[in-house]
Amino acid sequence: MRVRFFGAAGEVTGSCTLVEAGDVRFLVDCGMFQGGREARAKNLRALDFGFDVRDIDFVLLTHAHIDHSGLLPRLAVLGFRGPIYATPATIDLLAVLLPDSAHIQEKESEWQLRHQHRRGGSERGVVAPLYTVAQAQTTLGLLQPAPYGRTIEPAPGIAVRFHDAGHILGSAWLEVTAAGEGRPRRLVFSGDIGMRDRPVLNDPETIIPSADLLLIESTYGDRLHRPLAETEEEIIAAIGRTRACHGNLVIPSFAVGRTQEIIYILADLVRQGRLEPLKVFVDSPMANEATRITLAHPALLDSETRDLLEWLKAHPNKLKLEFVADVEASRALNDVRSGAIIISASGMCEAGRIKYHLRENLPRSECSVLIAGFQAAGTLGRRLVDGARLVHIFGEPVPVRARIYTVGGLSAHADQAGLLDWIGGVHTPPRHTCVIHGEAGASATFAQAIRDRLGWKDVMLPKPGDSLPL
Ligand SMILES: [Zn+2]
């Protein structure tokens with residue numbers, strides 16, 4: 001048996017691991033590289049993946065995030081005919097996320113083409129989409145449901161079980177047993193692991209099986225998150241100030257996960273009497289879809305969230321949520337001068353309706369912006385966090401007079417303590433451990449923490465292209 005690393009090795013995105021067990025070949029995740037120009041080049045290099053996709057028997061998908069799922073349609077374009085196993089909630093989210101990813105690529109490509117024509121240049125150098133919306137739709141047909149806790153046998157001698165990872169709706173860590181030649185081998189893939197005691201989702205299931213190989217993510221392997229209580233205090237302060245000043249509060253948010261967490265916190269603060277009753281606009285078609293899908297899977301929500309939903313049903317006037325559907329209604333929100341709380345995407349303020357809300361509200365000192373997620377370098381959201389006094393939106397200069405609040409207590413990823421807690425649940429140390437899915441520094445720090453705190457000896461930091469015999 002052999003495990004080969006094609007992405008998220010020494011970096012955070014592009015998750016893709018190939019397992020060869022006897023005659024059977026399968027992938028765990030097939031994600032897109034994300035974050036700037038370098039990522040685009042890597043996605044293009046991954047055009048043919050460096051292996052023959054027609055030899056792949058099946059794919060196991062840990063969760064719907066594009067850095068884990070975004071190249072699945074590319075796999076299909078190159079001749080992979082499935083199946084792709086994922087939890088039912090992941091399948092629902094992919095039906096929204098994959099066509100959206102294709103749509104963004106198509107738009108980007110059209111824009112480049114127009115730009116070249118305007119300059120009288122040739123079409124050479126224009127990057128074609130990795131896949132089209134139609135191809136993304138076709139890929140959805142390859143998905144097969146694998147509910148949590150049920151053992152599936154995607155190929156003779158291979159048994160797989162999906163466990164709740166508590167990261168985003170439907171996220172899973174995987175336990176794979178492969179008979180192969182000789183004695184059976186057990187592999188555990190962490191996917192992305194969520195933070196315990198956070199709103200909306202269940203806590204990650206703790207590891208039970210001992211393994212020949214454990215692959216563990218390390219996105220925040222070198223740090224600890226701030227407590228949720230601080231975030232609540234800051235949200236209360238932002239809403240209080242904005243009300244007193246008769247302005248609006250704008251909250252840029254990731255559509256999947258973060259939007260639902262913020263709605264939970266707002267509702268919970270109202271229930272506790274720490275906030276007055278609220279009216280909140282959710283202005284993002286994808287956030288609306290993601291919220292609908294979340295509510296369609298009540299069994300995946302933690303008991304606190306189910307209680308809160310019951311309370312909201314019994315007290316419909318305490319939190320009025322308005323999901324803004326069409327563009328007209330979204331534009332009408334631009335005319336609201338005071339009292340509106342607007343949650344909108346994208347989370348880093350780079351695209352989508354949030355840009356219109358920022359253009360209207362940033363120049364007004366009575367308004368506030370609450371940044372509740374990680375902002376990558378070079379994004380509009382990052383410039384706001386860094387205290388820019390002037391930004392550009394749609395090519396126009398926009399002065400920043402609104403108060404910017406940054407809250408750091410919300411993260412879909414476990415921090416170092418959370419990750420150690422999760423792998424600490426294993427009975428016997430794995431024979432080998434590979435630390436992946438982190439910036440080089442974070443992964444190295446976390447690998448050392450495993451050696452120091454848990455006393456595990458064989459902890460590795462694989463590089464792209466590395467191959468590990470088992
Ligand atoms: Zn993720």
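Which side chain makes a polar contact with the side chain of Ser411? Keep that in mind while you load the model, which is a predicted one.

**Stop 1: Ser411**

Select Ser411 and show its side chain. The partner is His225: the two side chains make a polar contact at 3.3 Å.

Ser411 belongs to the loop that runs between β19 (403-406) and α13 (416-423). Its relative accessible area is 8%, so Ser411 is buried. Show the surroundings next. Beyond four places in sequence, Ser411 is in contact with Met195, Arg198, Tyr220, His225 and Arg258. Take Arg258 from that list and move on.

**Stop 2: Arg258**

Select Arg258. You are in helix α7, residues 258-271. Is Arg258 buried or exposed? Relative accessibility is 7%, so Arg258 counts as buried.

Look for the polar atoms of its side chain. One of them lies 2.7 Å from the backbone oxygen of Ala372. Then display the contacts, skipping neighbours within four places in sequence: Ser253, Ala372, Gly373, Leu410, Ser411 and Ala412. For a sense of scale, draw a line from Arg258 to Trp173. Their C-alpha atoms are 20 Å apart, with a separation of 85 residues along the chain.

**Stop 3: the zinc ion**

Centre on the zinc ion. Which residues are its protein donors? Select His63 (NE2), His65 (ND1), His167 (NE2) and Asp192 (OD), which lie 2.1 to 2.3 Å from the ion. Check the angles among these four donor atoms: they span 90 to 165°, and the site is irregular. Why is it not tetrahedral? That label requires all angles to lie between 85 and 135 degrees, and the angles here reach 165°.

Next, colour by sequence position. The donor spacing reads H-x1-H-x101-H-x24-D. His63 is in the loop between β4 (58-60) and α2 (66-69), while His167 is in the loop between β8 (158-164) and β9 (172-178), so this pair ties together parts 104 residues apart in sequence. Both histidines are buried: His63 has 0% relative accessibility, and His167 has a relative accessible area of 5%.

**Stop 4: the cores**

The largest nonpolar core here holds 75 residues. Start with Leu27, Leu75, Leu266 and Leu278, the residues with the most contacts inside it. Helix α7 gives this core its largest share, eight residues.

Zoom in on Leu75. Outside four places in sequence, its contacts are Leu27, Cys30, Phe49, Phe51, Val53, Val59 and Phe80.

**Stop 5: the cysteines**

Select the cysteine sulfurs. How many disulfides does the whole structure have? A search finds zero. The cut-off for a disulfide is 2.5 Å. Cys434 is in no disulfide either: its nearest cysteine sulfur, that of Cys16, is 15 Å away. Both residues are buried, Cys16 at 5% relative accessibility and Cys434 at 1%.

**Stop 6: Gly7**

Gly7 is in strand β1, residues 2-7. With a relative accessible area of 4%, Gly7 is buried. Now jump to Leu384. Gly7 and Leu384 are 377 residues apart in sequence, and their C-alpha atoms are 31 Å apart.

**Stop 7: Thr305**

Finish at Thr305, in helix α9, residues 303-314. Thr305 counts as buried, at 7% relative accessibility. Which residues does Thr305 touch, not counting those up to four places away in sequence? Show Pro199, Val200 and Tyr264.

Methods. Residues numbered from 1 in each chain as written. Predicted model: local features only at pLDDT ≥ 70, side-chain atom pairs only at ≥ 80, totals over all residues. Heavy atoms only, no water. Helix = DSSP H or I, 4+ residues; strand = E, 2+ residues; numbered from the N terminus. Buried < 20%, exposed > 50% of the residue type's maximum accessible area, 1.4 Å probe, protein only. Contact = heavy atoms within 4.5 Å. Polar contact = N/O pair within 3.5 Å; in protein donor to acceptor, adjacent residues only side chain to side chain. Donors = N, O, S within 2.8 Å, 3.2 Å for Na, K, Ca; no water. Tetrahedral: all angles 85-135°; square planar, octahedral: opposite > 155°, others 65-115°. Core = buried A, V, L, I, M, F, W, Y, C linked by side-chain atoms within 4.5 Å.
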